[in-house]
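Dear colleague,

I am passing on the structure we spoke about, with the sequence alongside. Please look it over before reading the notes that follow.

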Amino acid sequence: MRAAMTKPWDTTSEHLLRELAPQVLGSVARRFRDFSSAEDAVQEAMIAAFTQWPQEGVPENPRGWLIQVASRRMTDQVRSEVARRQRETAVASDVEATAHVDEIDSDVDPDDTLILLFMCCHPALTSSSAIALTLRAVGGLTTAEIANAFLVPEATMAQRISRAKQSIKASGVPFGLPSPQERAVRLPAALHVLYLIFNEGYASSIGAHLQRLDLAREAIRLTRDAKALIPEDGEVAGLLALMLLTDARRAARTGPDEELIPLDKQDRTLWDRAEISEGIELLTAALSKRSVGPYQLQAAIAAVHDEAPRAQDTDWPQILALYELLKRVSPSPMVTLNHAIAAAMVHGPSKGLELLRTLDTDARLAGHYRLDAVRAHLLEMVGDYEIAIKHYRIAASRTTSIPEQNYLMTQAACLAERKLS
Amino acid sequence: MKYILMMNTMRAGRGVPQWAQKDLLAHIAFMIGLNKELRQSGELISAEGLSFPDQAKLVRAGKDGVPITDGVFPESKEFLAGYWIVDVDSPERACVIAAKVSGAPGPGGAPLNMPIEVRPIMSGPPPEML
Amino acid sequence: MKYILLMSGTKAGVASYHDWSQKDIETHMAVLRSITNDLNGSGEFVATQGLAEPAEAKVVRGEKNGMPVTDGIFPESKEFLLGYWIVDVATPERAYAIAGRISAAPGRGAPTNMPIEVRRFAAYEQSKSQ
């Protein structure tokens, strides 16, 4: 299998492979009417490309190459199935004709990536299954890369993906776009998975030494693709904006000793202005559409933070108004916590503490470190250092994040020293 | 040869260390530095921290496959706070690394000299007893 | 969420295993292996490890004259770690259920009912906002 002319393998080649993966999968899954096996076949074609292309060069028609290799794998499987069952079928003769590479390549539907996204984020799947399958089938990442990103063995990740595909098969989801009614449920489910991937990536970008795949960047890429396919949807744009506006602060979040730096102490010259501009542009366009959803609101809040030249310039009244809106549109204990902080910044810490009291009986927050952490912060603002220290330390004992634990303990220590002086 | 080095220093109900900020930062920096060293020497396989013992649960097989879970432990119980798995050339080297961990600075910058348990890890099939 | 499931025993407890018949040992091991296999199948398995006999345990307390201060003396009541499983699960309840199965592993014809400590891992990452 040699292409007429090849290009050398370079730093963009890996990216190219990942972009092509869902296109190839769409084509093969559609032709053979078997998403699960097609996904395995495409994965093998990807691995073959990763092995051969760095040495032989990138083929002139890389997508056609991948489709051909994956299709061959599928026909081999079908043939061995047939041989195993020892009977002739029409299917075997159908796929016998291996078309020319360019002919195969024309059988690519631009909707395929969107179809795959909806399939992989099907509400029937658990979050971890959907995340794994989306990263592989839509993101074009290898199982090893995904396993490494989540710090689990490769075999474990392979099994998660396999089970995800079995669930999809069992649910009988056809390979096609959801109907407009179905989309009302399926699109939020897909956005949620993309959001979870971003969150995972953003959270883990602190452990610089861990050399993990940049999941946040992957999430941004996939959401960008989704936006290109569904340009009219405000929430898709809102989610992309939220990701960009959050990711923009990444370089300022950790100090030289890997310590956490809170928003109000970050060196804003390290923020990525290009990402902020793009995020605001996206958001402005999205907000002009009919309905305003939770991702757009969260993005708007992030935008207000990102637009402030210094922490003390932050337009807290606007943030407060946005949280009040978010509380109505998408209430949650976390939203209430953040609302309390905003209220404290506008009306004083006592107001914030008052709002926190409504959360004391919320079972969803029982034992959650953030309630104590926010309370400690507000008590510090009020000047009640002794009790603030107590809550910082309780929060430190409850968080499972090592950098946050370190931050909370040192906050407590810092306050303890201030108390004495 | 693989060893696990265990820091069994946590007690339930005691809360986080209440040291001065300077001492906390020195301790954190020490551990980061030690892990970096062990990574560079190729001896570190993994280093993990566990969440606080107040969230620890003890589970026993219940009836009908429903486990009995509680968070009650003897007051004297020492909980695993974290561990290092190292791949070293000799048992002596494992103890030298353990001594470094043990000597991490605490209040006033003085070495804590916490007890670090050193155990060989089975690299082959599981032993008879486990 | 990553959890570690800890199986521990006293020196006396471990010694009592020596009284088990070969068949009892094999039955016990087979159940533990099937738990590991099931975890592989469910995509929840991260790691499992058996530790060598407590007789080989050492404890290191700091350094003296550049040498680790080491001894092998432990209280009779000390619970030694015998082995662990690390799992990546969707809920704490799932971690407890797995621990319950380990606890139910048979010894000498009846479930051992050994207590399994369940601890959540701390991670070198920021808490996710959800």
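In this predicted model, the buried residues of helix α2 of chain B are Ala94(B), Cys95(B), Ile97(B), Ala98(B), Ala99(B), Lys100(B), Val101(B) and Ser102(B). The helix itself runs over residues 91–102 of chain B, and its 12 residues reach 16 Å from the first C-alpha to the last, close to the 16 Å expected at 1.5 Å a residue. What covers those buried residues comes from two chains: it includes β1 (2–7), α1 (21–40), β5 (82–87) and β6 (116–120) of chain B, together with β3 (58–64) and β4 (67–71) of chain C.

The contact between chains B and C takes 38 residues from chain B and 40 residues from chain C. On the side of chain C that touches chain B, the largest share, seven residues, is given by strand β8 (residues 116–122) of chain C, and the residues of that side divide into 24 nonpolar, eight polar and eight charged. Strand β8(C) also runs antiparallel to strand β3 (residues 57–60) of chain B, to which three bridges join it, and within this pairing Val59(B) stands opposite Ile116(C).

Turning to chain A, 25 of its residues are in contact with 18 residues of chain C. The elements that give two or more residues to the chain A side are α9 (154–171), α10 (180–204) and α21 (402–420) of chain A, with the largest share, five residues, coming from α9(A). The residues on this side of chain A divide into 10 nonpolar, 11 polar and four charged.

Best wishes

Conventions:
Residues numbered from 1 in each chain as written. Chains lettered and ligands numbered in written order. Predicted model: local features only at pLDDT ≥ 70, side-chain atom pairs only at ≥ 80, totals over all residues. Helix = DSSP H or I, 4+ residues; strand = E, 2+ residues; numbered from the N terminus. Expected span 1.5 Å × (residues − 1). Buried ≥ 20, exposed ≤ 12 C-beta atoms within 10 Å, placed from the backbone. Contact = placed C-beta atoms within 7 Å. Nonpolar A, V, L, I, M, F, W, Y, C, P; charged D, E, K, R; others polar. Pairing = 2+ DSSP bridges.
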